[in-house]
Amino acid sequence: MTVRTRFAPSPTGFLHIGGARTALFNMLFARHHGGQYLLRIEDTDKARSTEAAVQQILNSLAWLGLSPDEEPVFQSHREARHAEVARELLAAGKAYLAFDTAEELAAMREQAMKEGRPPRYDGSWRDRDPSDAPPDRKPAIRLKAPRQGSTIVEDLVQGRVEVQNSELDDMIILRSDGTPTYLHAVVVDDHDMGITHVIRGDDHLTNTFRQCMVYDAMGWHRPYFAHIPLIHGADGAKLSKRHGAVGVMEFEAQGFLPEAVCNYLLRLGWGHGDEEIVPRDRAIELFDLKDVGRAASRMDYAKLTHLNGVYLRGAEDARLTEEVLKRLAHRGIDYGTLGGDRVRALMPALKERAKTLEELTSAAAFAAQEGPPPLEPKAATQLTPEAKALLADLAQFLTDAPWEQAELMNWLRDYAEVKGMKLGQVAQPLRIALSGSTQSPPIDAVLTALGRTEAMDRILAAAE
RNA sequence: GUCCCCAUCGUCUAGAGGCCUAGGACACCAGCCUUUCACGUUGGUAACACGGGUUCGAAUCCCGUUGGGGACGCCA
């Protein structure tokens, strides 16, 4: 059996971090078994689905490296098939026409709730003759649910779950306007797409029992199910916008790397011993549903940030430089070819001290820009008259220095020694002059990256 | 309300009856390294929700309590 999984988001908003993890698990599971990972857009709710959201989801998945192996399936394009299956069930006597109105159903639910019963459809039309129906009413099609016994699902994550059939009711599979309901469409599509493993959020666990009824009625083989726990916000409540960044593309904007986000998401709910850094290849190698936990987990931005730092330090300089220049431009910071080169030259040192691309961009700005950098408040207070005098003297001293990193370091050490100062006392004013900040990459690296002319300009400017 | 799921440091987790005086990671605190900041490194604070069983022995199995979460639509 070739494993086929799918991620099935509804395009009613941006792809959030929980959906991203579901997609990730689906992909990893399929890859681990050498199978396929597919995407189905569940856009049957015309009122809430938008083209923009579809595009957003596609972009988000692409950014994460979770694009599907085959063209996405649009559920809305398959409505004829859904209706066909519903009518087949009707013809086979496994479903029936129900002529209830929305008001009648609402009243039924309310009444049931009031009496402490579960709000279920009472099956009024199950055995009633359709000719009883008022002539102007359009019927929905309801599936006849078994009333005795129980339904058992052997969930690959949750284990064996059993629900009494008396808890279920005759669900609508085809609305009175001829469109399919979600519970029905999902089953038909999963079946037709040859999905072998349905991996989704555990908010769908109770739905599964209803879906099983469709599989059973059609005589179709049920796929394996795996319901993974949801992700909660830092406060333990369901993830929502007030929890800071939740949309996948927000993470991109905040300077997170897709591989770091994936690694973080993977470790949320899945573990393999003490392994924390699990790149894609390793994840594919190790991933198994039996290692997925059953408890909901919380979003922890501090840990994500740490992980991002790890991946950032390991990333290619060229890639990071490109990202930083793009972000500098986005910030409206002007840099020329020289500025770009300086950032490139400094990248190995820069990336050691940043955790996100945004931090990296801020840290690189001084090198990108032309001329003396703006002084940070803290740096300004350290630029005392004494410091300025020192810089003036240092400029003089460095005039004849060969502009090479190791050499420059030797010269600085010599200078400090001659003056009877510690290296730090020399390096710090220099750092401020060159970077405008009290924090920067090592001073020799900054000096060489800037080049003699630019460096000298800045030292002299700060000395005044 | 009814049904379903869950429960180890603040957070993510390791743990499938003795290897647990409960391990790792993030965060936090202290030290070291050091031209700043990071990185790195050493150490520290910190958890088996509670109550009953089962067993020679329970974080691990069972039951209950409490606490979280989810589902109950002609939404997906």
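At what angle do helix 15 and helix 16 pack, and how far apart are their axes?

## Two packed helices

In this predicted model, helix 15 (residues 385–398) and helix 16 (residues 405–419) pack at an angle of about 130°, and their axes are 11 Å apart. Helices (H or I, at least four residues) and strands (E, at least two) are DSSP runs, numbered from the N terminus. Axes are lines fitted to C-alpha atoms, for helices over the stretch in contact, and angles run from 0 to 180 degrees between N-to-C directions.

Angles under 35 degrees count as roughly parallel, over 145 as roughly antiparallel, 65 to 115 as roughly perpendicular and the rest as oblique; helix 15 and helix 16 are therefore oblique to each other. Their crossing is right-handed, a term for the near helix being turned clockwise from the far one by less than a right angle.

## Basis of the model

Residues are numbered from 1 along each chain as its sequence is written, and chains are lettered from A. Because this is a predicted model, local features need pLDDT of at least 70 and side-chain atom pairs count only at pLDDT 80 or more, while totals for chains, interfaces and linings use all residues.

## Domains

Chain A is assigned domain 1 (1–70 + 229–314), domain 2 (77–228), domain 3 (316–370) and domain 4 (377–463), with bounds that come from an automatic or database domain assignment. Between the C-alpha centres of domain 2 and domain 4 there are 75 Å.

## The largest pocket

The largest pocket holds about 1,100 Å³ of space. A pocket is, on a 1 Å grid over the protein atoms alone, an open set of points where a 1.4 Å probe fits, with protein on both sides within 12 Å along at least five of seven lines, and lining residues have an atom within 4 Å of a point. Its lining has 38 residues, with P9, S10, H16, D203 and H204 nearest the centre. Two or more lining residues come from each of strand 1 (4–7), helix 1 (17–32), helix 5 (182–192) and strand 9 (197–201), and helix 1 gives the most, with 4 residues. Domain 1 and domain 2 each supply at least three residues to this lining.

## The second largest pocket

The second largest pocket has a volume of about 470 Å³, a volume being the space filled by probe spheres set on the points. Among the 24 residues lining the second largest pocket, L105, R109, R142, M171 and I172 are closest to its centre. Helix 4 (102–114) and strand 5 (140–143) each give two or more residues to that lining, and the largest share, 3 residues, comes from helix 4.

Terms used: Side-chain values use heavy atoms; hydrogens and water are left out.
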